[in-house]
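Here is a short briefing on one protein chain. Please read it alongside the sequence and the model.

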Amino acid sequence: LQAKLEAYRKVSQKVLGARALFSRDPQRCGKEQLASGVLILQANLLRVNPDFYTAWNHRKELLLAEQIAAGGSGTASENEPDPPSNATPSVATPPYPLSPEALQRELKLTSECIQKQPKSYGAWHHRFWVIGGGGADLQAELSLCADFLDMDERNFHCWAYRSHVATLASVSAEDELEYTYEKILQNFSNYSAFHYRSKTLERMNWQTDRDAKMARLKEELDIVIQAAFTDPND
């Protein structure tokens with residue numbers, strides 16, 4: 001155990017040291033660190049500790065540096081401008097579309113980290129960030145969410161991620177309401193599903209049909225009443 005702790009400490013120090021150097025000279029250090037395998041070092045560390053936020057943030061910086069060095073990704077549309085050659089990587093900006101290889105690498109890493117720690121803020125946010133660049137199979141992402149919610153129906157990280165994916169995939173509010181209803185029927189105490197349902201209802205366009213809105217709200221009230229009678233002490 002002591003040897004493992006010492007190995008973890010050494011890798012952590014290397015990752016933190018790389019981040020410190022990068023912050024001083026992003027353009028030069030980005031190329032050097034990509035060539036020296038810092039991404040591999042980070043991945044090994046994150047598989048052990050998915051909540052190492054500095055490693056996730058520095059990883060985003062290196063991914064942006066990688067895309068800038070490549071002159072943009074081949075997955076970008078014809079109308080999408082290439083990143084400027086003198087751009088400074090920043091995790092505050094949306095990612096350029098990752099190359100197919102990088103995209104699959106990051107999805108695989110985050111999947112492994114989420115399986116180890118299903119409520120890791122850093123892992124879910126990194127996956128959220130990665131698919132924002134485009135190129136991901138959004139239906140596969142929705143299926144992944146369904147699998148994780150089958151394991152833990154109240155995982156609010158997964159519900160938040162599903163909301164993001166559903167928006168990107170243009171999933172209708174009605175389809176999402178149907179999904180949440182299925183989860184509620186499985187467990188009326190699933191407050192995460194109720195919360196997601198309430199947010200989904202806000203996406204509905206009620207402006208042109210007040211009668212439809214009132215009918216829907218009555219249906220929702222019936223669901224809540226049914227839940228209350230099923231388990232009044234929850």
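Predicted model: local features only at pLDDT ≥ 70, side-chain atom pairs only at ≥ 80, totals over all residues.

Residues are numbered from 1 along each chain as its sequence is written, and side-chain values use heavy atoms, with hydrogens and water left out.

**Whole chain**
- The protein chain has 11 helices and zero strands. Helices (H or I, at least four residues) and strands (E, at least two) are DSSP runs, numbered from the N terminus.
- Of the 234 residues, 41% are buried. Buried means under 20% relative accessible area, exposed over 50%, and partly exposed in between (1.4 Å probe, protein chains only).
- Among contacts with a separation of 6 or more, 67% join residues 24 or more positions apart. Contact means heavy atoms within 4.5 Å.
- The accessible surface is about 13100 Å². Carbon and sulfur atoms hold 54% of that surface. Accessible areas come from the Shrake-Rupley method with a 1.4 Å probe; for residues, only the protein chains shown count as cover.

**Helix 7**
- Helix 7 covers residues 138-151, 14 residues in total. Its first and last C-alpha atoms are 20 Å apart, close to the expected 20 Å. The expected span is 1.5 Å times one less than the number of residues.
- Its buried residues are L138, E141, L142, L144, C145, A146, F148 and L149.
- The cover over these buried residues includes helix 5 (100-116), helix 6 (121-131), helix 8 (156-168) and helix 9 (173-186).
- D137 caps the N-terminal end of helix 7. One of its side-chain oxygens lies 3.2 Å from the backbone nitrogen of Q139.

**Surface patch**
- Y53, Y121 and F156 form a nonpolar surface patch. Together they have about 350 Å² of accessible area. Like charges are joined within 9 Å, and nonpolar side chains (Val, Leu, Ile, Met, Phe, Trp, Tyr) within 5 Å.
- F156 is found in helix 8. F156 is partly exposed, at 44% relative accessible area.

**V38**
- V38 sits in helix 3 (residues 38-48). V38 is buried, with a relative accessible area of 9%.
- Leaving aside neighbours within four places in sequence, V38 is in contact with A18, Q33, H58 and L62.
- V38 and H58 are 20 residues apart in sequence. Their C-alpha atoms are 9.8 Å apart in space.

Conventions
Polar contact = N/O pair within 3.5 Å; in protein donor to acceptor, adjacent residues only side chain to side chain. Patch = residues over 30% accessible without salt bridge, like charges linked within 9 Å, V, L, I, M, F, W, Y side chains within 5 Å. Salt bridge = Lys/Arg side-chain N within 4 Å of Asp/Glu carboxyl O.
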